[in-house]
Every structure is written in structure tokens, then in C-alpha cells.
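Dear colleague,

I am pleased to hand over the structure that we discussed. Please open it alongside this message, so that you can follow the description as you read.

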Amino acid sequence: MKRHDEQPALAGRLRERIAREGAITFRDWMQAALYDERAGYYRRADLARWGRAGDYRTSPERTPLFAATFARYFAALHGQLGSPSRWTIYEAGAGACDFARVALETLAQDHPEVFRATRYVVDEIGEGARRLAAEKLAPFAERIGVRRFAGLVGDDVRRGDADNGDASDSGDASRVGVVFSNELVDAFAVHRVVMREGGLRELRVGLGASGGFEWVEREPSTPRLAEHFARLGVVLREGQFAEVNLAADEWIARAASLVSRGFVVTVDYGAASEELYDADARPGGTLRAFRAHTFSDDVLASPGEQDITSTVNWTQLVVAGREAGLETVTLERLDKFLLSAGVVGQLESMSARASDEG
């Protein structure tokens, strides 16, 4: 697939901004690289991101068993909530919608009573992704909403800015349900910091003599960066680099506000604070980029052309959840969770159905 010339234009616009304003925070640079309306990596309709032809593959694309097992888990959560006659599953950052399609198919086949109660709302920032969602989920059109909620994906949208939806989304019934995300929080724009002479410094993006992007160190742009480490009881070692995902706190609060009774379920690459900020194991932090299924050596190269990510801080999410009124039910490795959620039984069920259909 040919990639259009908006990417060089994005780099040019970032250079113009830096020339005009001075070095900008890496958070602002990353936000533009990933979410710029015209040329951000996640906003581009011309870019193949998922699957073998793209830059990465997520679990729902590798096997339908992932989404089918989560559908079984959602059915169990529906029962824990008292089997409401109406509830909503919100999927934030649905991507190619493979998860949503298989989850709905599984609910319809194996849990029809839950399926009848379900409204499934896809939250995506990219217009192309939202259009793909509408097309791929067309068989379930009467149960689907495709929306842009308040920062559930990205941070430049207003609450209730909807592409489609109806009155069934309003009222207390719609506030019972599940907010689900898979490999979303690691894609939020982050601040990058380093400890110098006992004080926190923030990494910004400036311009080198040849006009290329380069790192420069400045005073922190917000006191929230130092507060982040104090809140978690973390002290960085001299010369240690780290990322601060302030958007993760905001996302948890927004996700929690969508349900008055229900669950927030997120799957991602993450670690607890003590592991994430281990100066011996991760002296340079966890910031990385990749393209065509390979890691890139230069995070600042080609804005809009490569994915950029950092490891999620699970301790931070637990604390943010508690502050948002959530209680941590479980925090465990994905393989262990899938086993407890019934992946073996789901595989047997899918195999039996395939045999019957064959």
C-alpha cells in the first residue's frame, strides 16, 4: 500500500512549530506523531497497521480464541451484575474490530440471553477505523454504536461526540456494563524524564543543526511529573530515564465514569512500579517504536510512519482506579487469566462446533 505525502508534511509542520516555539515536550511530539488529524499514525486511513502486512499483530488477529474467551468472561460478569436486561460493552481502541466481531458472534452462539441484553459500543479516534468498524460489524448493526468518547482514545475529543447512536444509550441502563481495552494504554502519548544531579529534567524535542529532530533537556513542563513519582514512592537513580503516562490516569477516570455498576477490563504490556523503574533493568526507560514488525532504533524518526509505545505502569493504574472509585478485582498475567476465564473449555466448544459444521 502506498503511503501518501502527509507524513513528510507532518514532520515539516513539527519542525515549523519547534522553530517557532522552541523545543516541545516529547508528549506533544508523540501526540502529533500518533494522533494528528491529518497524518497521525492512528488517524491515517491509508496506512496498514494491523496484520502481517502492517506493523504489528494483536491477540484478536492471531486467533479468535482470545475474543471468544473474553466473551465467555463477559457473560460471567453479566451474571455477577445480576443479569441485567440491558447493559453495554464499551471497547476502547477497537482497531480492526476482530475482537468485537468474534465476541459478538460468541455471545450470540453460546450466551444468547447475554447477547440479547448487550449493546456494544466501539470507541475509535480514526475516521477510517470507525468506518471499518461499521462495515465489519454490520451483521450486528442493531446492537452497535460507533463513537468518539471523551478521551477514551486520544485526548482531543469531547464527551458524547457520536457518529451514531440512539436514545438507548441514555439513562441508567446504559451505565451498567464493561469498559474493555486491549493494547490501548501503551499507545498514549507520554512525557519522558531523566534524573540529573538529584533533580528531575524533562526530555523535549528540538532541532539539530541539520534540521533533524533531537533530544534536549529542560525543566519539567508540569509539576505532575514529580508528583507522579512521589505518589508511587519512586526515586529515580542519577542518569536514569523514564516515561510518565499522565493520560493513563485520565483514561481510567473517564472509563470509570461510563459505568455506575460494572467493570473496567484492560489488557496490555505492563509492569509494577518497582519493576518498571528498576534502574538496573531499565536505565533508559521503556520507550520504543516499531514498524513492519521490527523495532526501530530511532523513536524520533518518521513521525506518522511508525508506532510508538511504552510499557504500562500497573501500579499507577491501580492507584488511579482507586481514586476513581474502582476496586481492583484481579491483576494477573494474561495466560493465567485466560486459563481461569475458561480458555480450555472455550477451545473445546469451538472445536466441537467446527466438527459439527464440517
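The notes below describe what was found in it, beginning with the chain as a whole.

This is a predicted model, in which local features need pLDDT of at least 70 and side-chain atom pairs count only at pLDDT 80 or more, while totals for chains, interfaces and linings use all residues. Residues are numbered from 1 along each chain as its sequence is written, and side-chain values use heavy atoms, with hydrogens and water left out.

**The chain as a whole**

The chain has 13 helices and 16 strands; these are DSSP runs numbered from the N terminus, with helices being H or I of at least four residues and strands being E of at least two. Of the 358 residues in the chain, 53% are buried. Here buried means under 20% relative accessible area, exposed means over 50%, and partly exposed lies in between, with a 1.4 Å probe and protein chains only. Contact means heavy atoms within 4.5 Å. Among contacts between residues at least 6 apart in sequence, 72% join residues at least 24 apart.

Helix 2 (residues 26–35) is mostly covered, with nine of its ten residues buried. Among these buried residues are Phe-26, Trp-29, Met-30 and Tyr-35.

**Helix 4 and its partners**

Helix 4 (residues 64–80) packs against helix 5 (residues 98–110) at an angle of about 55 degrees, with the axes 8 Å apart. Helix 4 is therefore oblique to helix 5. For such descriptions, axes are lines fitted to C-alpha atoms, for helices over the stretch in contact, and angles run from 0 to 180 degrees between N-to-C directions. Angles under 35 degrees count as roughly parallel, over 145 as roughly antiparallel, 65 to 115 as roughly perpendicular, and the rest as oblique.

The crossing of helix 4 and helix 5 is right-handed. A crossing is right-handed if the near helix is turned clockwise from the far one by less than a right angle, and left-handed if anticlockwise. On the helix 4 side, the contact includes Phe-66, Phe-70 and Phe-74, and on the helix 5 side it includes Phe-99, Val-102 and Leu-107. The residues of this contact divide into twelve nonpolar, one polar and no charged. Ala, Val, Leu, Ile, Met, Phe, Trp, Tyr, Cys and Pro count as nonpolar, Asp, Glu, Lys and Arg as charged, and the others, Gly among them, as polar.

The axes of helix 4 and helix 12 (residues 334–341) come within 9 Å and cross at roughly 55 degrees. These two helices are therefore oblique to each other, and their crossing is left-handed. Phe-66, Thr-69, Phe-70, Arg-72 and Tyr-73 of helix 4 make this contact with Leu-334, Phe-337, Leu-338 and Ala-341 of helix 12. Seven of these residues are nonpolar, one is polar and one is charged.

**Aromatic rings**

A search of the whole structure finds 20 aromatic pairs. Rings of Phe, Tyr and Trp (its six-membered ring) pair if their centres lie within 6.5 Å; planes under 30 degrees apart count as stacked, over 60 as edge-to-face, and the rest as tilted. The pair of Phe-70 and Phe-180 is tilted, because the ring centres are 5.1 Å apart and the planes stand at 55 degrees. This pair links distant parts of the chain, since Phe-70 is in helix 4 and Phe-180 is in strand 6 (residues 176–182), 110 residues apart. Phe-70 is buried at a relative accessible area of 1%, and Phe-180 is buried at 0%. Phe-66, Phe-70, Tyr-73, Phe-74, Phe-99, Phe-180 and Phe-337 form one aromatic cluster.

**Ala-320 and helix 11**

Ala-320 is in helix 11 (residues 314–323) and counts as buried at 5% relative accessibility. Leaving aside neighbours within four places in sequence, Ala-320 is in contact with Arg-231, Asp-249 and Ile-252. The axes of helix 8 (residues 224–232) and helix 11 come within 11 Å and cross at roughly 90 degrees, which means that helix 8 is roughly perpendicular to helix 11.

**Two loop residues**

Glu-197 has a positive phi of about 50 degrees although it is not a glycine. Glu-197 lies in the loop between strand 7 (191–196) and strand 8 (199–207) and is exposed, with a relative accessible area of 78%. Ser-302, also not a glycine, has a positive phi near 50 degrees. Ser-302 counts as partly exposed at 28% relative accessibility.

Yours sincerely
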